[in-house]
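Student: I have a model open and want to learn how to read its features. Can we go through them one at a time?

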Amino acid sequence: MPASTPPRPANARLHAMLHAPIAPTLARLAWPNILMMLAQSSTGLIETWFLARLGTPVLAGVALVVPVLMLMQNMSQGAMGGGISAAVARALGGGRQQEADQLVLHAVVLNALLGLVFCALLLAFGPALYRALGAEGAALEAALAYSNVIFGGIVLMWLMNAFASAIRGTGNMLVPGAVICGGAVLLIPLSPCLIFGWGPFPALGVAGGGWALVIYYGAGALILGAYCASGRNAARLVTSRLHASLMRNILSVGALATINPLMTNALVALTAALVGAWAGEAAVAGYGVAVRLEYLLMPIAFGLGAPMVAMVGSNIGAGQPERALRIALTGGAMAFVLAEAIGLAAAAFPEAWLRLFGAQDHMLEAGASYLRTVGPVYGFFALGFSLYFASQGAGRLKWPLMAGLLRLLIGIGAGGLALRLTGSLTLFFVIAAVAMCVYGLVILGAVASGSWFGRGHLRRRGLFVR
């Protein structure tokens with residue numbers, strides 16, 4: 001649709017995404033999302049604090065499961081979720097209300113099927129996976145006890161994130177944020193009750209932490225599903241035939257986007273395996289606690305990234321590519337500043353973070369070395385990750401995926417070689433920091449150069465970012 005004849009906005013949120021000042025609109029949409037993601041990440045951190053009381057082998061086993069769990073989270077919420085949000089936003093931006101409504105059902109069906117597939121795969125191949133990552137003995141037992149419960153109910157996470165993503169695609173970040181924050185409040189007392197057996201609850205040990213998460217996912221899916229079906233969401237859950245074109249609309253972004261979290265979490269898991277192989281169980285436990293802070297960057301990157309998906313997608317649907325590009329660069333800069341502040345604080349005071357989770361002296365060396373080395377470049381990760389979300393809104397994922405692959409090759413390929421030749425964890429972490437910088441800068445350069453639309457297009461439209 002030509003930019004001179006934009007569609008009439010369907011609601012106030014859509015009007016703001018299409019016409020309001022960019023930075024204030026992003027900040028207003030992002031804060032409930034950031035709060036939601038902080039609450040979601042905090043549940044994992046709180047759970048780690050409780051599980052640390054069960055001993056180092058439990059922490060080591062859980063450290064190998066967490067990257068797989070985060071992979072499921074990132075795939076369902078960030079990858080497929082981004083595809084869902086982008087499709088809904090483009091439909092609303094183009095004035096196609098019926099299509100936006102039908103997309104909700106298609107999103108639920110797709111995510112449910114994917115959740116069932118991953119449930120079967122992880123239950124069947126979990127033991128082989130954790131052995132390949134170096135788990136054995138008590139650490140392997142803990143990993144399987146935790147993993148089997150969580151991944152047995154992982155379809156509930158996929159359903160919850162399908163509904164949440166459909167809601168975010170309308171520009172509504174408050175409802176998903178409120179539901180997920182409420183779930184975090186539930187988890188704080190529920191996790192220790194199920195782990196240690198307080199009150200009427202049985203002592204389930206490490207499996208109790210998994211059961212608490214499964215209950216949380218189920219409650220979230222029910223509440224968000226009811227909201228979409230009630231008609232209060234700008235894209236309503238309605239019964240309809242399934243259309244291949246609408247499935248493709250989601251999968252054209254979502255399926256391709258799943259490659260990014262695969263690479264990101266593979267990097268974390270392989271790094272843990274290399275650290276464990278070269279420095280032992282205590283080092284991998286320390287690294288596992290340290291890298292938990294890196295997952296706190298997800299709230300910032302996703303908190304800004306989810307509104308960027310909706311804003312970029314709706315503006316492209318409305319024929320406003322220049323504004324879409326400005327949204328991406330503004331959001332990327334905001335994510336960089338916030339994450340860099342966290343990384344610098346972590347590098348300056350690493351033990352303050354590590355000791356929160358009961359890290360013992362023999363675990364501190366590896367964790368502190370990682371934070372001192374990689375923490376100062378956390379801003380580049382958040383920059384690249386937020387621009388990856390913006391690229392989902394544009395339906396252009398070539399450069400974010402190439403940058404993720406390059407980071408994996410540098411971090412594990414070059415880093416693993418350096419570790420083999422020198423045995424130095426410090427050098428290994430330096431290479432990980434370089435890889436993180438490369439990731440952010442490559443995506444920034446691609447987006448800023450106009451790769452979404454082609455340089456000639458942006459010159460003709462009067463906007464070209466060098």
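Student: Which residues does cysteine 437 touch, not counting residues up to four places away in sequence?

Tutor: This is a predicted model, so read each value as computed. With those sequence neighbours left out, cysteine 437 touches Val377 and Phe380. Cysteine 437 itself sits in helix H18, residues 425–448.

Student: Is cysteine 437 buried or exposed?

Tutor: Buried means under 20% relative accessible area. Cysteine 437 has 19%, so it counts as buried.

Student: How far apart are the C-alpha atoms of cysteine 437 and phenylalanine 349?

Tutor: They are separated by 21 Å. Along the chain, the two residues are 88 residues apart.

Student: Now a loop residue. Where does glutamine 320 lie?

Tutor: Glutamine 320 is in the loop between helix H12 (297–317) and helix H13 (321–348). Its relative accessibility is 12%, so glutamine 320 counts as buried. Leaving out residues up to four places away in sequence, glutamine 320 touches Leu18, His19 and Asn315.

Student: On to rings. What describes a pair of aromatic rings?

Tutor: Two things: the distance of the centres and the angle of the planes. Rings pair if their centres lie within 6.5 Å. By this rule the count here is 13 aromatic pairs. Take tyrosine 287 and tyrosine 370: their ring centres are 5.3 Å apart and their planes stand at 90°, so this pair is edge-to-face.

Student: Which helices hold tyrosine 287 and tyrosine 370?

Tutor: Tyrosine 287 is in helix H11 (residues 281–295), and tyrosine 370 is in helix H15 (residues 361–374). The pair therefore ties together parts that are 83 residues apart in sequence. Both tyrosine 287 and tyrosine 370 are buried.

Student: What kind of pair do tyrosine 388 and phenylalanine 389 form?

Tutor: A tilted one, with 5.1 Å centre to centre and 55° between the planes. Tyrosine 388 and phenylalanine 389 are both buried.

Student: What lies over the face of tyrosine 439?

Tutor: Arginine 407, at 5.8 Å from the ring centre.

Student: Last topic, helix packing. What describes two packed helices?

Tutor: The angle between their axes and the distance between the axes. Start with helix H7 (residues 174–196) and helix H8 (residues 206–230): the angle is about 155°, and the axes are 9 Å apart. H7 and H8 are therefore roughly antiparallel to each other. H7 passes H8 in a right-handed crossing. On the H7 side, the contact residues include Val179, Gly183 and Leu187. On the H8 side, they include Trp211, Ile215 and Tyr216.

Student: How do H4 and H9 pack, roughly parallel or roughly perpendicular?

Tutor: Helix H4 (residues 97–132) and helix H9 (residues 244–257) pack at about 70°, with their axes 9 Å apart. H4 and H9 are therefore roughly perpendicular to each other. Among the residues that meet are Leu103, His106 and Leu110 in H4, and Leu246, Met247 and Ile250 in H9.

Student: At what angle do the axes of H4 and H6 cross?

Tutor: At roughly 155°, and the axes come within 8 Å. Helix H6 covers residues 154–168. H4 and H6 are therefore roughly antiparallel to each other. H4 passes H6 in a right-handed crossing. The contact includes Asn111, Gly115 and Phe118 of H4, along with Trp158, Ala162 and Phe163 of H6.

Key. Residues numbered from 1 in each chain as written. Predicted model: local features only at pLDDT ≥ 70, side-chain atom pairs only at ≥ 80, totals over all residues. Heavy atoms only, no water. Phe/Tyr/Trp six-rings, centres within 6.5 Å; stacked < 30°, edge-to-face > 60°. Helix = DSSP H or I, 4+ residues; strand = E, 2+ residues; numbered from the N terminus. Buried < 20%, exposed > 50% of the residue type's maximum accessible area, 1.4 Å probe, protein only. Lys NZ or Arg CZ within 6 Å of the ring centre and 35° of its normal. Axes fitted to C-alpha atoms, helices over the stretch in contact; angles between N-to-C directions. Parallel < 35°, antiparallel > 145°, perpendicular 65-115°, else oblique. Left-handed = near helix turned anticlockwise from the far one by under 90°. Contact = heavy atoms within 4.5 Å.
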